[in-house]
Structure formats: C-alpha cells, structure tokens
Amino acid sequence: MASISSKFNPLILLIILLSAAKFSAAKTGGIAIYWGQNGNEGTLAETCATGKFPYVNLAFLNVFGNGSNPELNLAGHCDPASGGCVSLTADIRSCQKQGVKLMLAIGGGIGRYSLSSKLDARNVSLYLWNAFLGGKSQSVFRPLGDAALDGIDFDIELGSSQFYDDLVRYLKSYCKKTQRVYITGAPQCPFPDRLMGTALNTGLFDYVWVQFYNNPPCQYTSGNITNLINSWNLWSKSLRGGKLFLGLPAATQAAGSGFIPADVLTSQILPVIKKSPKYGGVMLWSKYWDDQSGYSSSIVSRV
C-alpha cells in the first residue's frame, strides 16, 4: 500500500487550493470614494472607468426632512433644480455595467436636514426610493434621470440622531428580487457615533466607512498608529453586520487632520486591520483630492 506522502491525492489538493483562495479573497478589499463636490474632479463615468473604485458615493442630498423640499447639491457638476443633472443617467448606467455600486450620500457637513418623526422618516424614504432608487411616481421628479442608484449612504454630521434607524428600516423594506437597496454610512471614529449610532445598531448597513480623520483621539497622528488601530479594533468588534472600511483623506489638504502617507498605510496599517473578518477596504475623501495626490493609485494594489 502506498503511503500518503508518496501518492498524489487531487481531492486534497483541490480542498487546499479552494481554502487558500477563500482566505485570500477575505483579505482583499476595495476603495470607496466620494464624488460630486468639485466640478474639476472629472465626470462620474470617468471616475468609474479608472477601475479603482468599486463603490462611489454621489454627494450630497444635503436638504431633507422636517417638511423641507429635498435639495441635491452636486457643486460644479450640474444644477439639479433646473434638470441639468438628468444627463447623469448615462454615466450611472455606464458605471453599473462595470460593476460599480453607486450610492446617494445624504447629509454632509453643510446643509439643513433632520427627521422629526417616524412618519417623516417614512416620507423621506419614499422620496429617496421614487427619486433616486427603483421606485416610480408621476409626482416625484428624478434629478438624475431614469437610472436607479444602488443605495443610500448616510453621512449624518448635523442635527439630531432621531429616527434615522426608522429611515434605514424603511429603505431596506423596499428591497425587491430585482433590486437590492444597499445601505452604507460614514460615521465619525469616536465610538459609538453620536448621530449614527442608533441607526448602525439596526445591523442593516452593508458597508460602513468610518471617518478616521478630523478626530484626533482615534486617528493617525505624527507617526503614531496606536489610537487608530485601537479604534479600528473597537469598531470591528462592535459593528453589527456589514463590512468595515478605513475612511481617510486622499490628500493632506482634504481634511484638517488624519492624513496617512501611503507608504505608512500599506506597510504598517493595512497588514494589521486586514486581519479583521469585517475588513472591507478603504474609503477616500474625495475624488477631487485623489486626483491631486494620486493616493488611490499608490494603495490600490495593497487594499
């Protein structure tokens, strides 16, 4: 009888290869990026065509809720109020054909938004569904045309935390066999996030790109990665559902603090955080600043 060591067993080899492939895939992430706040950052179609960004957040719907008329602000790209952004339909479809997930980012650091009740959350969810996602309503204008985005990104930085958990649940309830509604979010790194903590506790977020910048207690500072790693580990341990992304400024000028040199990120930080089973990748603010710095090109092969 031949010994195990002297006889080739293709089944065992296949199992080993499949396990290795699964392990490798688990350690591979993607880059999410924000687009829409600078008219000099190229078109949405061009952003997707780089092949570097599996997730693009269109920023921002920065007026909504509490009886207000929702307002989309895409800075210098187009004027939604005059119907000038309907032309983005072609870009959206081009991106989606390449497998890029597109989310409408709601909120932001400048705007006027809040939710006054559970009913208000339901009304906002219906507006988002009919105006940007897979819904249809003759009474609701679609600022980006007929193409449907893939989901909603929560970047809640102002006002109250109330009723965003209801908004998340309502949006998820619109998932159909033909379309999944992705829910993503960009909380600040102090845990739990003051404004988004309750919403995140629903466990319904698909991707969470935590902002590890403009928050000195939990960001990279002058060569010190300890605070960032400790905060990442807390988020990784505590986040209910979804994949976790390391949110960073794409250039020193993109944020007040928290920029990480690309070589530090790839050599010291990514090898540590990629050990987390929740690791999903890196988020960058923003496409404009990434164009200036070339940051994503420096890290994409290591994410």
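**Exercise 1. Find which residues the ring pairs link into a cluster with W209.**

Step 1. Follow the pairs: they link Y55, Y182, Y207, W209 and F245 into a cluster.

Step 2. Keep the basis in mind: this is a predicted model, where local features need pLDDT of at least 70, side-chain atom pairs count only at pLDDT 80 or more, and totals for chains, interfaces and linings use all residues. Residues are numbered from 1 along each chain as its sequence is written, and side-chain values use heavy atoms, leaving out hydrogens and water.

**Exercise 2. Classify the pair of Y55 and W209.**

Step 1. Searching the whole structure gives 20 aromatic pairs.

Step 2. For Y55 and W209, the centres are 5.9 Å apart and the planes at 50°, so this pair is tilted (stacked is under 30 degrees, edge-to-face over 60, tilted the rest).

Step 3. Now place the residues: Y55 lies in strand β2 (residues 55–64) and W209 in strand β8 (residues 207–211), so the pair ties together parts 154 residues apart in sequence. Strands here are DSSP runs (E, at least two residues), numbered from the N terminus.

**Exercise 3. Work out how W209 and F245 are arranged.**

Step 1. With 5.0 Å centre to centre and 80° between the planes, W209 and F245 form an edge-to-face pair.

Step 2. F245 lies in strand β9 (residues 243–249) and W209 in strand β8, so this pair ties together parts 36 residues apart in sequence.

How values were computed:
Phe/Tyr/Trp six-rings, centres within 6.5 Å; stacked < 30°, edge-to-face > 60°. Helix = DSSP H or I, 4+ residues; strand = E, 2+ residues; numbered from the N terminus.
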